[in-house]
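Thank you all for coming.

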Amino acid sequence: MRKFFRVLIVLVLILAIITAAVYFYSQYTQTHYLIRFYQETSGKVSDNIRIAVVSDIHNREYGENNETLISDIRALKPDLILIPGDMVIREQDDYRPMLNLVSSLSGIAPCYGVLGNHESERIYYRDDQELPGKFRDAGLKLLRNATEEVRIGNDVIQLIGVEGSAHGFEAYGGREFMDKTVINPSAYSILMTHVPILFEPQLAGYDFDLGIAGHVHGGIVNLPFAGGLYSDEEGFFPRFTAGEYTLQNQQKLIVSAGLGDSKPFPPRINNMPELVVIDIDRY
């Protein structure tokens, strides 16, 4: 019996240590993030173009009034700031910190975004019909099945924003919009949507240069040698969690692990929040 109790005590101590480590790591990720850089090349640009991607922040603040995040983005000097959804949390009515963040970011560079599932649920299920207008007034140009060309120096970037959930591509008008969209062959085209699995099979067949998405929070738990553990759409060990992927027509897709969490559990483990920076250079 004594041997049994010794083993039990050791197991309890190990469990307590793991629990404490997860707790303190979770607390750390509430206030810290990584800046992750990606490099893309294209003959469609004549000079470096830098894009900051602020994804899935979910009403979180880094520093008072998000000053830490704003300061970091200002220092990075982006030409564009892209926001692929989930600025808010569906259950939280007060998202003024996010409106203030967008207002500050729009003073650094043009801001474009798409709705995430949390914004969509607030609009359609919580009757927050004013949400899109509030973000537009703050300086975010929402691309709701829409495209816009942005001139940066001598170059043209075509931004394409697609709405829809994993199972709502047709229902939200995504298929109809993409079939009608004319992609400028001389512009560098960026297709942005919130949910990454929309890229395969629905979006990968279209002729764009770079895809951007978020939503999956890096797979929540990042296992060594195995990657992200889970996403709602793909289940355990999903393909899309975070990082750069090559799609079926050789387009690149960058999925952000995001800057926040929509709920406190399950916590991120071995999976820091991240601010994504993409540099697009000529060959």
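Which residues lie nearest the centre of the largest pocket, and how many residues line that pocket? Before I reply, please keep in mind that what you see is a predicted model. The lining comprises 32 residues, and those that lie nearest the centre are Arg90, Asn117, His118, His215 and Asp232. The space in this pocket comes to about 670 Å³, and its lining divides into 11 nonpolar, 12 polar and 9 charged residues. Helix H4, which covers 117–124, and strand S12, at 230–231, each supply at least two lining residues, with the largest share, 5 residues, coming from H4.

Let me move on to the aromatic rings, where a search of the whole structure finds 6 aromatic pairs. Because Tyr33 sits in the loop between helix H1 (2–29) and strand S1 (34–41), while Tyr62 sits in the loop between strand S2 (49–53) and helix H2 (67–76), the pair ties together parts that are 29 residues apart in sequence. Tyr33 is buried, at a relative accessible area of 13%, and Tyr62 is buried as well, at 1%.

Phe240 and Tyr245 give a further pair, and since their ring planes stand at 70°, with the centres 5.0 Å apart, this pair too is edge-to-face. Here Phe240 counts as buried at 2% relative accessibility, and Tyr245 is buried with a relative accessible area of 11%.

How values were computed
Residues numbered from 1 in each chain as written. Predicted model: local features only at pLDDT ≥ 70, side-chain atom pairs only at ≥ 80, totals over all residues. Heavy atoms only, no water. 1 Å grid on protein atoms, 1.4 Å probe; cavity = no way out; pocket = protein on both sides within 12 Å on 5 of 7 lines; lining within 4 Å. Points joined across faces, edges and corners; volume = space filled by probe spheres on them. Helix = DSSP H or I, 4+ residues; strand = E, 2+ residues; numbered from the N terminus. Nonpolar A, V, L, I, M, F, W, Y, C, P; charged D, E, K, R; others polar. Phe/Tyr/Trp six-rings, centres within 6.5 Å; stacked < 30°, edge-to-face > 60°. Buried < 20%, exposed > 50% of the residue type's maximum accessible area, 1.4 Å probe, protein only.
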